[in-house]
Amino acid sequence: MAELTQQAGTAPATPVSRPGRLRWNAALIAGTVLLVVTGVVVTIAALTMLESAEGLSPDIAQPASAAHWLGTDDFGRDLFARALVGAQASLLMALAATAISMTAGVLIGTAIWTAPRRVREFALRIVEITVSYPELLVAVVLAAILGAGRWQLVVAVALANIPATARLAANLSGSIHQRDFVTTARLTGVPRRALISRHLLPNMAEPLLIQVAAAFSTGLVAMSALSFVGLGVQTPDYDLGRLLADALPAIYSRPIEVVGPTLLILVLSIGAMLIGDGLAAAADPRVNRTAPRTPPATTEPRQRDSADAPEPAESSAPVQVRDLVVRRADGTPLVHGVSFDIGRGEILGVVGESGSGKSLTALSLSRLLPEGLTAEASRLRVAGVDLLGRTTRRELADAVAMIYQDPGTTFNPALRMGSQLTEVLRVHRGKSAREAREIITGLLEDVHIVDPPRLLRSHPYELSGGMRQRAMIAAALAAEPSLLIADEPTTALDVTVAAGILRELERIRDETDTATLFISHDLGVVEELCDRVLVMKDGVIVEELSAEQLRSGEVTDPYTRMLLESVPRLSTTPGAGA
Amino acid sequence: MTTTTATDRPRARRVRGGSSWTSFALRRLGGLAGVVVVAVVVTFVIVPLIPGDPAVSAAGPDATVDQIARVRAQLGLDQPMFDRFLDYVGGLLQGDLGHSFSLNAPVSDVVLRRLPFTAALAFGALLVVLAVAVPLGMAVGALTRGGRRRRLDSAFGYTTAFVAAIPPYVLATLLVLLFAVTLQVLPPAYTRSQPGVSMLLPALALSIPSICLIARVVRRETAVVLEQDYLRTARGWRLGTVRTALRYALPNLLTSTLTLSGIILVGMLGGAISVETVFSWPGLGLGVVNAVATKDYPLVQGIVLVLAVLSALMTMLVDILLGIVDPRVRGGHHG
Amino acid sequence: MTPPSSPPSVRLPGRGRRRRRGTRALAVVTAVVCGSALAACSTSTAGPAETGTVRTVLNSDPSSFDPAQAQGQQTFQVASLLYDTLLRRDSDARLVGGLATDWATESASEFTFTIRDDATCSDGTPITASVVADSLRRLADPATESTWKSLVFGLGDVDVAADDRASTVRISLSEPFTTLPQGLAIPQSGIVCPAGIADAEALEAGSVAGAFSGPYTVQEAQQGLNYTFALREDYAAWPEFSTPLTGEPPRRLEIGVSTDQSTVANQILAGDLDLGQFADPDAVKRFTAQPDLHQYQVISATAYVVFNQREGRPFAGRPDLRRAVAQAINQEAFNAIFTKRTADVLTSVTPASFRCTNTDRSLLPEHDPDAASELLSDVSGVQLIGNTANRQFSGGADYLFAALTEAGAEVNMSKVDNATFWSTIAEGGSDWDIVFLGDLNSVGAISASLDRVIGPSVEDGGRNYSASDNPEGEAALAEGLASTDPEAQCDAFDRAQRTLFERSDIVPLAGSPLTYVTGPDLTVSVFDDYVDLATMRVGAE
């Protein structure tokens with residue numbers, strides 16, 4: 001929440017404090033071009049068109065013509081020239097206000113974090129308090145105090161904007177401060193000023209730049225709003241706000257007077273917004289990622305390759321995969337025709353480095369391939385459900401359940417565990433909330449959760465990784481799936497916890513006849529748990545081994561050997577437990 | 001075989017504990033008190049800084065020097081600053097915000113009369129904003145996820161940027177031009193006999209820019225949420241698009257959306273200043289503009305104070321709502 | 001005259017632009033339900049012919065409900081609805097009886113008024129000669145501190161005597177002041193009933209139900225929001241104007257507050273308001289294609305340049321410089337900006353409709369920028385104060401600034417709001433050299449504008465902003481005010497005006513037009529440049 005609140009509402013993005021080169025994108029380019037071109041045009045206009053913009057002339061209240069593109073006003077002044085010259089004033093004023101508020105805000109925000117703790121806490125409270133006053137109201141009061149005029153308006157708008165910037169800067173520097181390199185710098189006695197300029201500011205650059213764009217466009221609009229209510233620039237000085245405020249009452253009789261200033265405000269403001277957008281997008285690669293046109297993921301039947309071996313005998317295994325190919329949207333295959341079976345109560349391990357296609361294979365089986373990938377196969381069946389044909393959600397839920405690597409985010413942080421864990425039972429089994437709760441409580445006990453009711457009341461963040469993973473297994477079992485896919489389920493857990501999870505999987509194999517597909521890059525784990533192992537590399541199965549073969553090192557493929565040798569054999573206890 | 005390790009016990013912290021709520025609420029109330037105290041001091045100090053002698057304005061254009069002196073005494077302006085501050089605070093404690101000389105009425109009466117108008121407008125606009133912006137942003141976010149439908153994405157991006165860039169009072173005037181003057185289907189301004197109908201245009205004028213801003217945020221957040229692991233989990237449970245969206249995507253968008261709507265609501269109290277002027281909407285925003293114009297110093301003080309407290313209240317309400325929606329906020333993962 | 005009792009005739013709105021709109025407050029719901037089919041929800045608000053209610057707005061709240069404390073033209077209007085005056089203005093600069101049926105100017109300082117016997121206060125108290133005299137004494141009492149005392153009674157002492165048996169009130173002044181009858185027709189001299197005099201504070205707030213002597217009472221005063229006035233059932237003291245009024249007075253007035261002229265224009269065009277007042281020519285222009293609406297344009301104020309002639313200021317004792325300023329200004333160009341040529345340029349301090357106003361253009365210097373710049377190019381540090389009360393005044397000040405700057409003068413303009421503007425020039429020692437006034441002459445006599453630039457200065461208790469030293473003009477003004485013979489009076493006022501031109505004390509600019517627009521059912525009477533809102537009538541021919 002803290003990250004969002006600071007964004008002053010305009011260009012919120014998740015601040016990513018990763019210094020690096022600016023990644024240009026369409027919005028950024030468009031906004032910059034818009035602002036630069038407008039800036040150059042209005043600056044030239046302010047130098048050359050002053051006389052027609054400000055001098056009295058006898059051509060009063062003329063309509064638009066070749067000589068006066070937007071006509072003239074009652075003083076005989078050219079409205080087009082006035083709009084341009086006014087825009088130059090607005091541009092400079094908005095830039096000045098932005099510069100003042102950014103400088104002051106950043107200074108305050110970063111200084112807070114280099115101050116002693118008491119001072120810091122107090123200053124943070126003050127900043128919080130000042131942020132909760134409406135900016136425009138503050139600007140109105142300040143403008144009333146300072147009186148009408150250009151610099152007064154700049155100061156009023158700038159001061160009103162300082163709290164928001166200060167808070168952003170304080171939050172940013174707060175989060176950076178807790179990082180190692182700053183701590184190190186502090187411990188090694190880097191002076192405060194150097195700390196700010198060398199360590200803090202560069203890491204805050206991107207969100208602050210976004211804030212600059214936001215401050216500029218809100219400042220522009222705020223200044224014009226103040227002019228509109230009579231507190232801004234007063235004639236004979238003028239900016240866009242003044243021009244607009246004066247022209248607006250005539251919109252019903254002489255709408256042309258409104259056109260110039262409105263367009264210029266729009267152009268400047270949109271330019272700033274686009275830059276803000278562009279910066280935000282550049283800072284946050286998750287959004288606006290350039291991806292080719294990506295059709296939704298599909299799974300399709302595929303003709304058997306003629307080069308392949310003849311159709312094998314009808315298998316009775318619950319999980320049957322034949323000639324599975326996964327392609328990117330541009331046709332590049334990522335998995336090249338993989339075939340395997342998993343028997344009832346069998347744990348099949350799939351190992352390989354990242355990018356070997358092991359996860360894609362699993363995702364194809366669960367029909368959860370990411371956008372833009374297509375899977376084809378000549379056969380893809382789980383417990384009689386043909387995954388190549390049309391399936392209902394319920395059939396799928398009954399057929400396949402997944403357990404993921406736990407980075408702490410596999411559960412919805414907004415819902416209590418009970419609500420999430422019982423979801424499958426309620427949606428697919430038509431159980432009442434109470435029944436579902438009872439069932440899941442039983443399953444949680446089965447996976448050795450000590451106090452299931454308490455877990456069900458908890459939110460995910462209140463649980464440890466091990467507990468979450470056990471809960472995940474319970475949820476997966478709730479569907480009584482024919483195939484359980486465990487995709488690196490222990491990778492994120494520490495060794496003892498991981499061992500517990502592995503024991504649960506073993507227990508499931510022993511107590512139910514669920515087929516399990518266990519994916520891992522850790523041969524040691526696979527060796528301990530699995531009945532059979534597939535080794536994948538570059539989308540191809542390079543070797544199939546039994547657990548015994550693996551354990552005794554009877555591998556033929558050099559890749560498998562390499563994998564095997566790279567396993568640090570510390571945690572494994574060969575022969576134990578088996 | 002007992003395999004449960006110590007780390008697998010639910011950590012004994014903040015599970016629907018009464019204490020977490022109490023301390024959370026206390027923290028928020030403390031913040032509110034801070035805002036109020038600062039507002040009281042600041043309004044007292046700042047308003048006399050407004051140039052122009054309030055006694056002169058109060059006494060009227062043809063007043064003599066003696067008359068002005070008498071008015072000054074009446075307004076208590078001849079008292080030392082500190083005494084005036086004590087008077088001011090003492091009055092506030094009794095609900096007395098002073099006396100408006102331009103209106104010849106207690107400031108509290110004027111504020112109470114105008115407050116419902118501002119509140120109705122701001123909340124009405126906020127409802128419109130949330131009702132439109134959240135579905136819109138989610139829809140666009142979902143449709144354009146992973147870089148799909150780039151044309152829709154940029155159309156949405158540019159349109160919302162364009163509309164949000166229109167100064168609110170220009171937008172208000174354009175709305176009047178369209179709905180009240182050309183189509184003649186809505187009242188152009190506050191009409192005493194039909195306050196509800198005449199609120200439509202101002203609420204629209206106030207909400208459209210915010211709709212654009214919030215829809216952009218929701219779109220962005222949707223894109224982020226859709227990439228989250230728990231959405232993959234929900235998809236793995238085959239919960240269906242609607243259930244997934246409502247139970248898994250929406251609540252996680254709400255945190256950021258609510259946070260933002262708090263800011264936007266507070267911003268609306270400010271934005272109302274120019275919109276209320278266009279529609280002669282008798283709210284506090286127009287009130288403060290008129291009071292500044294007439295140098296009605298007690299009235300400026302009163303309205304600014306009330307608006308400040310109101311925005312602090314709003315911020316607090318949003319915080320509490322956030323605490324309900326997102327338990328992490330309550331736990332002090334904040335700031 | 002009995003209050004209107006006939007049921008209002010049902011009139012369907014005759015024009016498409018006044019469609020019906022929903023009368024319920026189910027705003028948001030309605031909007032959501034209506035969605036795209038907005039038009040289906042439209043219903044019009046009913047006008048005064050159906051409801052007897054006139055809806056209007058003021059551009060600010062009334063400054064006070066005590067007529068003696070009223071400030072600003074619209075507060076005067078409010079006072080005129082609530083309080084009757086002894087006399088009332090009629091067409092062609094005539095006066096008719098209000099609370100007085102008859103009056104006699106016995107000398108320039110002795111006046112007798114015969115009070116009508118059928119008038120009552122809003123609490124039923126008969127308005128006797130003593131009631132009238134008490135109210136006038138209060139106005140004249142220095143303790144009341146009414147700024148209108150000097151405008152009504154002059155600067156001297158006032159003695160008011162009542163004779164209840166004869167129903168007469170006799171006013172004696174220590175200094176001759178022949179405009180007294182006109183003064184007793186201005187709303188600020190409205191008669192306050194005893195209940196109001198007894199409670200000054202409540203009177204100011206409009207909360208004394210029995211204070212009113214006029215046709216309306218304050219039914220509800222929601223300061224800062226709106227006001228409701230109700231026609232008194234028992235009111236019968238309508239004046240007999242030379243052209244008798246027809247139709248019925250509105251039974252209820254709903255008065256809101258709105259500063260935005262375009263908004264008010266929109267509301268009138270939408271049929272949501274029945275009366276509006278417009279200073280902005282752009283707003284007025286929008287009514288030209290609306291034959292059903294009534295428009296009344298008056299010159300509500302006059303614009304003329306005033307110089308600060310206090311010692312040490314650049315224009316003090318420099319008639320040549322002041323003349324140069326007059327030469328630098330093009331009246332027509334000013335008028336184009338100030339009124340968009342909807343009003344006439346002036347040849348004095350008052351509009352031509354005022355008695356004794358100079359119409360001889362040759363007394364004014366011609367526009368001559370070259371001659372002007374010869375003198376003005378050496379002038380520096382001139383403080384010009386501009387009033388930002390509205391676009392017209394702000395634009396006018398911009399023009400003055402541009403004209404003086406083009407003539408080579410080094411001018412510093414500060415733009416201030418209306419309140420600051422007036423308080424600045426009303427304060428003797430403040431920093432200004434040149435302004436143009438929007439002089440609102442509520443009495444309708446030229447003397448009430450001449451004393452803005454002739455006679456005792458503001459810091460000496462007078463009304464002269466310029467603090468000019470013009471004994472000749474002062475004598476002529478006093479002579480006019482002491483003259484009971486209309487021709488001799490005009491002659492004196494004419495001489496007073498000539499001194500202004502000889503000394504270049506003023507630069508006449510243009511009239512400040514105000515246009516009253518009323519809905520199709522509503523009319524109002526205009527007497528010269530004065531609109532009397534108490535003559536609003538519904539359904540008049």
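Which helix of chain A lies across E8 and E9 of chain A? The model is predicted, with local features needing pLDDT of at least 70 and side-chain atom pairs counting only at pLDDT 80 or more, while totals for chains, interfaces and linings use all residues. Residues are numbered from 1 along each chain as its sequence is written, and chains are lettered from A in the order in which they are written.

Helix H18 (residues 465-478) of chain A is the one that lies across E8 and E9 of chain A, and H18 runs at about 180° to E8(A); helices (H or I, at least four residues) and strands (E, at least two) are DSSP runs numbered from the N terminus, and angles run from 0 to 180 degrees between N-to-C directions of axes fitted to C-alpha atoms, for helices over the stretch in contact.

In chain A, an open sheet of six strands has the order E8-E9-E10-E4-E11-E12 with mixed pairing, where two strands pair if DSSP finds at least two bridges between them. Strand E8 (400-403) and strand E12 (540-546) of chain A are the edge strands, each pairing on one side only. E8(A) and strand E9 (residues 483-487) of chain A run parallel and are joined by four bridges, and A:Ala401 has A:Leu484 in E9(A) as its bridge partner.

Turning to another chain, the contact takes 21 residues from chain C and 14 residues from chain A, two residues being in contact if their C-beta atoms, placed from the backbone, lie within 7 Å. On the side of chain C that touches chain A, H14(C) gives the most, with eight residues.
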